[in-house]
Amino acid sequence: MNEALWYTGRGAGLVTLVLLTVVVALGVASRAGRPLPGLPRFATPVLHRNASLLAVVLLGVHVGSLLFDPYAQLRLVDLMLPFAGAYRPLWLGLGTLAFDLVVALVITSLLRSRLGATAWRRIHWAAYAAWPLAVLHGLGTGTDAGTAWLRAVTAVCVLTVAMAGAYRLLLPDPATGPLGPPAPPGNRDPRLTPLTISGPPR
Amino acid sequence: MSRRGARLHIDWTACEGRGLCSEMLTEILAIDDWGYPLARDGRPEPAVPHELVAHARRAERLCPRLALRVLPEPPPTRPQGGSQLPPS
Amino acid sequence: MTMLDHRESRDRRTSTDDYRPLPPGGGRLLLAAHPDLATHRRHLGLLPPLAQPARLLAEIDAAGLRGRGGAGFPTARKLAAVAAGRSPVVIANGAEGEPASAKDRTLWAHAPHLILDGLQLAGALVGARRAIGYVPAGPSTASLRRALADREAAGADPIPVEIVEAPDRFLAGEESAVVSRIEGKPALPRDTLRRVVVAGVDGHPTLVQNVETLAHLALLARFGGAWFRGVGTSGDPGTFLATVSGAVAAPGVYEVAYGIPLGDLLERAGGWVGRPQACLVGGYGGAWVPADAADVPVSTAGLRPFGAAPGAGVVVALPAGACGLRAAADITRYLAGQGARQCGPCRNGLPQMAGTLTRLADRERSPALVAELERLTRLVEGRGACHHPDGTVRLVRSTLRTFPAEIDRHLAGTCGQEPMPAAGGAR
């Protein structure tokens, strides 16, 4: 049973990393100002949301199975307090941070309409850090750390996010961008005759 | 739930013409020359028939700029004196 | 504070105009304009204590006082709406972003105590604890500061008045832009969902009232509603300050009663210089009235057939020899540049309308220009957080309606007013 929990924990962790990669890539793509090829525009945020919810479920499985596995020595407090863990505290701590950020992201996104667009966006930007933390956590913690296939999967994930970033930044903006043409010259006041009034109303 | 329609309020200061709403509410919204939602019924706050209210609420949730609000239909204007509050 | 019974406050503006002018040499605001507090008090007495707010509110409602800032909303209704909330804020809006208007700065300079009396009265009526004078930088601010200092010495302001400077922008006086500026943010309009009278400055119910309205309020409280209705028309009672400029002999700010024939108002301003052509009425976002309509009463009902309204009392006289299309194109380009640039349809549509109208003014021979202009007005109208695009649309539509012969000439490459450019010129 313990081994089952251990394998489930590792497996779920890997799937979570892949899903988080997809989530980040879709999040970056949704800022690109154009739809994903062949898909309607609303598909991008919908896929992003669905993937993130799925990632949260898998993250729950990853954390949950390791909590119950005595070999992992994971305590409840390690979910919130980073770098205090018993087993590989540094790499675990990165995971803790990533986990906390994901929780913050999910809660703020569910309450987005109450938060308002500006506050929500700031927290979302700060939580971009969740993904690189998860990548590092995956590279350093666990028995698979250092294996070739893990490094390969991680490399693919990093490449995916890099490509998404390039897609967003390097493609030219769509022609009918929301900014529109600059205002024409002539901001001066075109009064028909100059208006110089100084006295009291007559 | 009553079979009441609704109206769609667009926060123009937030809207960036991303185009999700006009995709999801094609019966109500077209797009203008610059990518911004254009009410097909010509009203500043287009009417949402009751069968489309669920779609409108989905569009409200998915708008990346939180620029949409689905509001109840306004009360009928009084025959005399107009609305109580100053016009916006 | 009782809410008004709205069945009694009908929109009287559709009734036939029955014009009662100011007597010759008469005036109300202008006769009560004393920048010095002692003189002000000697001539007008103190503001009467507010014993029965509900009664005064009903009197203001019956008197039919409307906002003089341009929108013309019934003042009593606005006061009642703000009074219904908690911890309201009252603001004297004298930003005067409209370039062709000078009445607000005239009032700041010559009748600050009328404005401030009105502000205190409005504050007392709604139960405000905070009052603000929103004033453009320069002489108006200095005048306000002096007046407040005098009043502080005399203990005239139960509600302390803060000074907030308005930027020199066309939209600086827009109601929600005023609220934004007072909150310390840029003076840009906000989304209309949260109405200012319900949730304005820092979420408090806010009364944003033009300084001229407050000045009228200060007199109405002293002399009564019946006195107030003694001049003007039944649809538009009382007087207003008209800023007349352009091709008149004596441009200036004149106090006249609503309903005055447009020609009489121009005569007050010294009469036409050169042959008349048309008048722009209401402001830059107003509408044209052709000069042959000299007997048009300057009132809501009188101007409605022209798509115009008294607005903030602006009248600009366009003489023969000046091209109406050129003037309208210049103004539209100005309006396009003065937008807040927050809302896509306005930010894109106004420059495009300005460009198209300019091409028409430049005698480009494309008949499609007119249809394109009409299409753009339909595209832009009503789509924005404030009424800036609507005002611009009003001007453009009015221009197309008022100068059809000129448009035909321009499309044929000529102009009835401007001389032809030198041979070999591009346009």
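**Exercise 1.** How many residues of chain B are in contact with how many residues of chain A?

*Solution.* In this predicted model, 15 residues of chain B touch 15 residues of chain A. The cut-off for such a contact is heavy atoms within 4.5 Å.

**Exercise 2.** Describe the interface of chain B and chain A by its area and its polar pairs.

*Solution.* Step 1: the size of an interface is often given as the accessible area lost when the parts come together. Step 2: for chain B and chain A, the buried area is about 1300 Å², with 53% of it on carbon and sulfur atoms. Step 3: the two chains have 0 salt bridges between them, but 6 residue pairs are in polar contact, both residues being at pLDDT 80 or more.

**Exercise 3.** Which helices of chain B each supply at least two residues of the side that touches chain A, and what kinds of residue make up that side?

*Solution.* Step 1: the helices are H1 (20-24) and H2 (53-62) of chain B. Step 2: H1(B) gives the most, with 3 residues. Step 3: sorted by kind, this side of chain B has 8 nonpolar, 1 polar and 6 charged residues.

**Exercise 4.** Locate the nonpolar surface patch made by residues of chain A.

*Solution.* Step 1: A:Phe83, A:Leu90, A:Trp91, A:Leu97, A:Leu136 and A:Leu139 make a patch of about 500 Å². Step 2: helix H3 (89-110) and helix H6 (130-140) of chain A are the elements that give two or more residues to this patch. Step 3: H3(A) has the largest share, 3 residues, while A:Leu136 lies in helix H6 of chain A.

Definitions and conventions
Residues are numbered from 1 along each chain as its sequence is written. Chains are lettered from A and ligands numbered from 1 in the order in which they are written. This is a predicted model: local features need pLDDT of at least 70, side-chain atom pairs count only at pLDDT 80 or more; totals for chains, interfaces and linings use all residues. Side-chain values use heavy atoms; hydrogens and water are left out. Buried area is the accessible area (1.4 Å probe) that two parts lose on being put together, summed over both. A salt bridge is a side-chain nitrogen of Lys or Arg within 4 Å of a carboxyl oxygen of Asp or Glu. A polar contact is a pair of N or O atoms within 3.5 Å; within protein, one must be able to donate a hydrogen and the other to accept it, and residues adjacent in sequence count only if both atoms are side-chain atoms. Helices (H or I, at least four residues) and strands (E, at least two) are DSSP runs, numbered from the N terminus. Ala, Val, Leu, Ile, Met, Phe, Trp, Tyr, Cys and Pro count as nonpolar, Asp, Glu, Lys and Arg as charged, and the others, Gly among them, as polar. Patches are made of residues with over 30% relative accessible area and no salt bridge: like charges are joined within 9 Å, nonpolar side chains (Val, Leu, Ile, Met, Phe, Trp, Tyr) within 5 Å. Accessible areas come from the Shrake-Rupley method with a 1.4 Å probe; for residues, only the protein chains shown count as cover.
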